[in-house]
Amino acid sequence: MAGATTAGRAHAPSRSLRHLTISASPGQLALALGIAVFLALFLVIPVGTVIYVAFTEKGTGAFTLVNFLDFARTDLFIRSFWNSVYVSAMSVVVASIFALPLAYITTRFEFRGAMLIQTLGFLPLIMPPFVGAVAMLLLFGRNGTVNLLLNDWFGFRIPFMEGLNGVIFVQAVHYFPFILINLSAALRNIDRSMEEAAQNLGSSGFRLFRRIVFPLAMPGYIAGASLVFVKVFDDLATPLLLNVKDMLAPQAYLRVTSIGIADPMGYVISVVLICMSILAMWISARAMRGKDYATVQRGGGGLSKRRMRPWESAVAYGAVLLILLLVLAPHIGLLLLSFATIWSFSPLPDAYTLAHYGRVFGESFVYVKNTLVYASIAGLIDVVLGTAIAYLVLRTRLVGREWLDWAATAALAIPGVVLGIGYLRTFYGVQLPDGTPLATLWITIVLALAIRRLPYALRACYAALQQISVSLEEAAENLGATKVRTVRRIVLPLMAGGILAGFVTSFATAAVELSATLMLVQSNADAPLAYGLYVFMQSPAGRGPGAALGVIAVLLVALCTFASHLIIEKSQKAKAAGR
Amino acid sequence: MLRHSAAAAALIGAALFTGAAFAQSGKVTVVTSFSKDVTDPFKQAFEKAHPGVTLDVQNRNTNAGVKFVEETKANNQIDVFWASAPDAFEVLKGKGLLQQYKPKAEGIPEKIGSYPINDPQGFYSGFAASGYGIMWNDRYAKANDLPEPKDWQDLAKPVYFDHVAMAAPSRSGTTHLTIETILQGEGWDKGWRTLKEMSGNFRQITERSFGVPEAVNSGQVGFGIVIDFFAFSSQASGFPVKFVYPTVTTIVPANVAVVANAPNKAGAEAFVDYLVSPAGQEVLLEPSIRRLPVNPAVYAKAPADYPNPFKDPSLGARVKFDVDVSEKRSNVVDVLYDQTITFQLDALKAATKAIHDAEAALAKKDNAEAKALVKEARDLVAAMPITEEQAASPEIAGAFTGGKQKGARQAELEQQWAAFAKERYQQALAKSEQALKLAR
């Protein structure tokens, strides 16, 4: 850490110059207001209309805080709270173990297939609802492939998916790409001269990584790790899949969605989740305060890539393959499932067929089209907002600018079903001239997706901007460039990697979102892939076709991700050539 | 001559019928929790019977469907609500979101099994029924040398420890009815004892109904307490599963209702009529759907081994079911189950396992003191924090629905009940471990 501070400081602008860029211009003020209005309209107000119940007395609706007292007095909630904290923290640790080698090897060494690995390492994030879970159980469950074989051969089983440790394992597999993608973007952005300086001073190997490289990539790591923490803390799908109910997010979900019982505790838990998410982000911001991670030199393609010695490369390939095999197992299982006739209590399916793809082929077209449209618009909205918020928070001194960051981050903690109900409540009454409610338009789904995935893009953009030295902007402004021109010509191009990382994360995860979508979809013609999947996965006969749709979703997102990696690579090569 | 006039009458009738069909047109919007396998055949058949009408099916889980109808009532675009869980219909009815409608079908009896088919006030109508039973994965049972169960009580036997799954009654309206039937059939105290002995063997209590057949199909869990069509459609898809109706089972209806202020009221009523008409009832017999028609005459067209609740007394007729009793305490029963069983499953299972071990040891070497301890342990597990009268009292029911009078809050009751159960499970565990030592 100390290395980072000194290394970074060497290039940091002197304090006296700072005031040049930190005062807010009218344009920045307008931007902040615009974002605030957007967040208020599509996040704060709709969610507020639902979770205000947390502060009211059941029956009378009078204001009260007694529900929070009840929360603190209920053993189940307290147990759930600490379980959630433990699982989230441990998930960050395990996810880091998966992500660090992949990120390091692919960015630091000349490694064939680095781009492919980056793409593949990203796939676990795209776990289609329901089928992903079934595939995971068929592989790692008590009677999954691995345990059936272990039991046959050695007479024991490994409880991969039991209890809290099972949740940690699955969450780490699922969300480690957050760390991978942000850390890789950060590693690519490190100034090569830092490393060379350290090498000249005699540092090398692991010490070089520990003292110089990793600390300089800290913004990316923190961005990813804090996302993993908050996301795991707020995730309800995985614990419920593993039948772990004593964690906070599943408790909130079970209570919000119980039929006929007016229970304020579900909303109380939602408020607790929101507060915890903001707290976690605040702590991670505190941890970074007082350190400067910006480096001046840009566009050189990041760290110098070293050629590996043969034994090194063998170890590296071995490690990468092992990790990929582990984290991609669910997708391999999904693929098998989509071709399987029957797969039940056996290591592998009984037989294979193409019939499932035949069944979904006709109707999947409209789902694919909708998914692409919705997820790309949502991703675009997210990177625009994410870049703008990051810029306002890091480069201006507007009062309360952090609140934009925190409000956007709070979206992580809001169960999709709450957001969906909030949208119906807020926008169904608003009618278009011909009488159709606003909430029935597909754009509502897009907005819900954008809000739900905004935190991902925001963290990526934030980390990218943190690594850029203010002195570059100051130089541009000193040469007469306006603020807008500086942003357009200097900041945005330098942030490109981070922005793209943000877009890809938002896009990919939006493509498989279900909970808010299920509330808002109004007709089959407007439905995305996840909804089609849901419709199939409610019957035994639908498992195969559901898996086929899941594979289509994963392939779709993988192709888009691969394409964007290609674009990054090309633009970096072009820059390198231009120098 | 007579034959000719009959034919003519049939023709005129047909003309009238199609005329009536033509009168309705446009789009009928249906919110349903049923899967594509169920809705697609009905959509095709209905659209064929009513040319010019399209059935727009919106799939939502029951809860999302209820919330959707509730949130959009000011500008309702939904014509029909179509789902299994009677409790969902009760909630909608209670909020005034359904429209009374009595279908024009004939020959549909009052009750199926012991459960009334239609809502007495006519807000929703049953169109199909299903029985509860036990489904198991044959490969799993063989690999673990587990016998085939025949009755609910079998599932409480030690061999099935950690092999059974069920959906939580608070999450599945049909499971709730099964629990309620056991409570009514065996009485409050004995009923809970049976439930806890069974639940002590559970591997999972899932939060959605379909989670159970899914776990059994993939072999993650051996045995599941499921609604019959899940098992039948799994068999039809080729999964190695078997199914049995216990000697006493519940029959639960699946319902349909016209939504209040339906934009296409005529179309909605036509759809409800179609579902209970002989043609609509026959669609239920398709292998991918396989639910029990509510029109007894339709069973004549069913395959030979098709279960018929109107003929077979074990299908529901043997149990009594009082709807009023059930309605008064439905939330209380759900929350009691969740607080004392679902969220305490680890503690309950530990106690159950210890009791099983102690009893196994006692079977080999008798010991009076140990026997008494095990009995105490069983009583501790079976103990419930509230009595039947308390469960139906307005003070406690009001804590869940938000009654105007001030009583204990839901969270307070939950905490009390959970603490009550947890403490007793721990005591039961200690006593059985003590018994095991004595019997060794």
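Predicted model: local features only at pLDDT ≥ 70, side-chain atom pairs only at ≥ 80, totals over all residues.
Strand β7 itself covers residues 125-137 of chain B, and it's well tucked in: 13 of its 13 residues are buried.

β7(B) pairs with other strands too. With β13(B), residues 292-293, the pairing is antiparallel over two bridges, and here B:A128 stands opposite B:P293. Then there's β10(B), residues 223-227, again antiparallel, over five bridges. β11(B), residues 241-244, pairs with β7(B) in the antiparallel sense as well, over four bridges. Keep an eye on B:M135: its bridge partner in β10(B) is B:G224, while in β11(B) its bridge partner is B:F243.

## Two domains in chain B

Zoom out a bit, and chain B splits into domain 1 (2-129 + 253-301) and domain 2 (131-250 + 322-439). The centres of these two domains of chain B, taken over C-alpha atoms, are 34 Å apart.

Where they meet, 13 residues of domain 1 of chain B are in contact with 10 residues of domain 2 of chain B. On the domain 1 side, helix α4 of chain B (residues 86-94) gives the most, with three residues. That side is made up of six nonpolar, three polar and four charged residues.

## Chain A: helices and no strands

Chain A has 25 helices and zero strands. Its radius of gyration is 24 Å, close to the 25 Å that the globule rule gives for 579 residues, so chain A is as compact as a globular protein of that length. Its C-alpha trace spans about 65 × 65 × 50 Å along the principal axes.

Of the 579 residues in chain A, 55% are buried. Look at contacts with a separation of 6 or more in chain A, and 81% of them link residues 24 or more positions apart.

## Where the chains touch

The contact between the chains takes 51 residues from chain A and 60 residues from chain B. Several helices of chain A each supply at least two residues to its side, among them α5 (75-108) and α19 (416-427). By class, the chain A side has 24 nonpolar, 18 polar and nine charged residues.

Chain A averages a pLDDT of 85, and 93% of its residues score at least 70. Residues 1-22 of chain A are another story, with pLDDT under 50.

Technical notes
Residues numbered from 1 in each chain as written. Chains lettered and ligands numbered in written order. pLDDT = per-residue confidence, 0-100. Contact = placed C-beta atoms within 7 Å. Nonpolar A, V, L, I, M, F, W, Y, C, P; charged D, E, K, R; others polar. Rg over C-alpha atoms; globule rule 2.2 N^0.38 Å. Buried ≥ 20, exposed ≤ 12 C-beta atoms within 10 Å, placed from the backbone. Domains from an automatic or database assignment. Pairing = 2+ DSSP bridges.
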